[in-house]
Amino acid sequence: MNQQVLEAKKQQVEDIKAKISSAKSLVIIDYMGLTVAQDTAFRKELRDNGVDYAVLKNRLVKIAFNELGYTQFDEALNGPTAVAFSSTDAVAPAKFIAKNIKALNKMKTKCGMVEGQFMDEAGLKQIADIPSKEVLLAKMLGSMQSPIASFARCLSKIAEAKEAQA
């Protein structure tokens with residue numbers, strides 16, 4: 001094999017390792033069945049939400065994972081493979097890919113990794129079903145506000161009852 005080609009492949013493996021190492025999460029998918037227009041819209045939505053998406057050679061991705069000590073991904077790295085990486089949001093890749101799989105009824109999630117932990121397809125589905133940070137914060141604030149509001153209403157009723165007696 002040509003020395004330049006070998007060096008280029010080594011550099012690609014290093015780049016993939018860097019992406020894996022810096023990712024809070026990643027999802028490996030089978031992207032077959034998408035039209036060019038669907039793929040373009042899918043890539044744009046991922047990019048708009050801070051997710052890097054790339055079609056990568058299985059062999060290079062397998063080498064990168066193995067060099068980082070992950071062998072669980074070997075089985076998934078066959079056939080058409082694309083990887084979605086997010087270094088900022090642990091839920092974003094799984095959430096957007098699950099949404100597009102439902103909408104397009106085409107792609108298939110193979111497996112992924114969240115915060116350094118291997119996730120199979122079922123695990124990624126659970127991650128995708130987690131509400132957004134804003135929704136979770138709103139629910140938490142609502143549950144914290146409810147007892148206070150009930151207490152305030154109770155005090156108000158006591159005060160009204162005392163005024164009615166007086």
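Is Asp48 buried or exposed? Asp48 is exposed, because its relative accessible area is 53%, where exposed means over 50%, buried under 20% and partly exposed in between (1.4 Å probe, protein chains only).

1. Basis. The model is predicted: local features need pLDDT of at least 70, side-chain atom pairs count only at pLDDT 80 or more, and totals for chains, interfaces and linings use all residues. Residues are numbered from 1 along each chain as its sequence is written, and side-chain values use heavy atoms, with hydrogens and water left out.

2. Strands. Strand S1 covers residues 25-30, and five of its six residues are buried. Helices (H or I, at least four residues) and strands (E, at least two) are DSSP runs numbered from the N terminus. S1 runs antiparallel to strand S3 (residues 82-86), with five bridges between them; two strands pair if DSSP finds at least two bridges between them. Ile28 has Val83 as its bridge partner in S3. S1 also pairs with strand S4 (residues 108-114), again in the antiparallel sense, over six bridges. There, Val114 of S4 is the bridge partner of Ser25.

3. The whole structure holds seven salt bridges, each defined as a side-chain nitrogen of Lys or Arg within 4 Å of a carboxyl oxygen of Asp or Glu. One of them joins the side chains of Asp39 and Arg43, at 2.8 Å from N to O. Both residues lie in helix H2, four residues apart, or about one turn of the helix. Asp39 counts as buried because its relative accessibility is 17%, whereas Arg43 is partly exposed at 28%. Asp48 forms a salt bridge with Lys44, with the closest N and O atoms 2.8 Å apart. Asp48 and Lys44 are four residues apart in helix H2, and therefore separated by about one helical turn. Lys44 is partly exposed at 45% relative accessibility.

4. Salt bridges elsewhere. Lys108 and Glu121 meet through their side chains at 3.4 Å, N to O. Lys108 lies in strand S4 and Glu121 in helix H5 (residues 121-128), so this pair ties together parts that are 13 residues apart in sequence. Lys108 is partly exposed, with a relative accessible area of 45%, and Glu121 is partly exposed at 38%.

5. Aromatic pairs. There are five aromatic pairs in the structure. Rings of Phe, Tyr and Trp (its six-membered ring) pair if their centres lie within 6.5 Å; planes under 30 degrees apart count as stacked, over 60 as edge-to-face and the rest as tilted. Phe65 and Phe73 are stacked, because their ring centres are 4.0 Å apart and their planes lie at 10°. Phe65 is buried at a relative accessible area of 1%, and Phe73 is buried at 0%. Phe73 also pairs edge-to-face with Phe118, at 5.1 Å centre to centre and 75° between the planes. Phe73 lies in the loop between helix H3 (58-67) and S3, and Phe118 in strand S5 (residues 117-120), so the pair ties together parts 45 residues apart in sequence. Phe118 is partly exposed at 31% relative accessibility. Phe65, Tyr70, Phe73 and Phe118 form one aromatic cluster.
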